[in-house]
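Biologist: Could you walk me through this structure, feature by feature? I would like to know how each term is defined before we apply it.

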Amino acid sequence: MLSLCLSILLLITGSDITSKNENVMKFELIELPYDSGALAPVISKQTIELHHGKHLQAYVNKLNELIPGTRFENADLETIVKESDGAIFNNAGQILNHNLYFTQFSPNGGGDPTGPLAEAINATWGSFEAFKKEFVDSGVALFGSGWVWLAKDDKGSLSITKEANGSNPVVKGLTPLLGFDVWEHAYYLDYQNRRVDHLNELWKIIDWDAVNKRY
């Protein structure tokens, strides 16, 4: 009789736990909109496979481990980044950063922005070339690991922000449009310690249609 009661209790509690876990939001590794070797030689296939398949996957796995039982277990990614701290913030921020990063590239990218974004860049910096220089200079000057972003405020005004580690412009109330990753794992296999060369090469693969949609 005792054994039967315990079995029933395990079935009940097990069902409850399973039901709760099924309701927890699970984040997944974003799919690349191009083949892993398509961005070479700007970003090599090996770097893409390690950066996307290993580094980003690790952030996704860790966030899924951390959020059950917290107030963020059913929150969207941007909300988590805006409102969390510590390990949850670090991993959520890096997922958001990398999702934006990998989807802003195309093997057919490059050239200059067009439309309203181009007009806003010219109005803010005087020219696209002047913007690119300040953007790259900001990325080179960022100490340690982090990101440099082109972002807009709620009025459409543009700015360049430097974010340490896994932070993102959303924590400042801004919308991220274009981001360059200056963590060493993003470029070291291809450029060693030449961060400036890496940043200058990235302009060749920017998908301005994707960036324009964010604006």
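Modeller: Happy to. Take contacts, meaning heavy atoms within 4.5 Å. Among contacts in the chain between residues at least 6 apart in sequence, 68% join residues at least 24 apart. Please keep in mind that this is a predicted model, where local features need pLDDT of at least 70, side-chain atom pairs count only at pLDDT 80 or more, and totals for chains, interfaces and linings use all residues. Residues are numbered from 1 along each chain as its sequence is written, and side-chain values use heavy atoms, with hydrogens and water left out.

Biologist: Which elements make up the chain, and in what order do they run from the N terminus?

Modeller: Helices (H or I, at least four residues) and strands (E, at least two) are DSSP runs, numbered from the N terminus. Here there are nine helices and three strands, in the order α-α-α-α-α-α-β-β-β-α-α-α.

Biologist: How are the strands arranged in the sheet?

Modeller: In general, strands of a sheet pair through backbone hydrogen bonds, either parallel or antiparallel. Two strands count as paired if DSSP finds at least two bridges between them. In this model the three strands form an open sheet in the order 2-1-3, with antiparallel pairing. Strand 2 (158-164) and strand 3 (175-181) are the edges, each pairing on one side only. From one strand to the next, the twist averages 25 degrees. Strand 1 (residues 146-152) and strand 2 are joined by seven bridges; K152, for instance, has L158 in strand 2 as its bridge partner.

Biologist: Which helix packs on the sheet?

Modeller: That is helix 4 (residues 86-102), which touches strand 1 and strand 3. For angles, axes are lines fitted to C-alpha atoms, for helices over the stretch in contact, and the values run from 0 to 180 degrees between N-to-C directions. The direction of helix 4 makes about 65 degrees with that of strand 1.

Biologist: What span should helix 4 have?

Modeller: The expected span is 1.5 Å times one less than the number of residues. The 17 residues of helix 4 should therefore span 24 Å, and its end C-alpha atoms are 24 Å apart, which agrees.

Biologist: How many residues of helix 4 are buried?

Modeller: Buried means under 20% relative accessible area, exposed over 50%, and partly exposed in between (1.4 Å probe, protein chains only). By that rule 14 of the 17 residues of helix 4 are buried, so the helix is mostly covered. For the chain, 44% of the 215 residues count as buried.

Biologist: Where do we find salt bridges, and how many are counted?

Modeller: Side chains of opposite charge can pair when their charged atoms come close. The rule asks for a side-chain nitrogen of Lys or Arg within 4 Å of a carboxyl oxygen of Asp or Glu, and the count comes to nine. One of them joins K62 and E65, with the closest N and O atoms 3.7 Å apart. These two sit three residues apart in helix 2 (residues 45-66), about one helical turn. K62 is partly exposed at 37%, while E65 is exposed at 56%.
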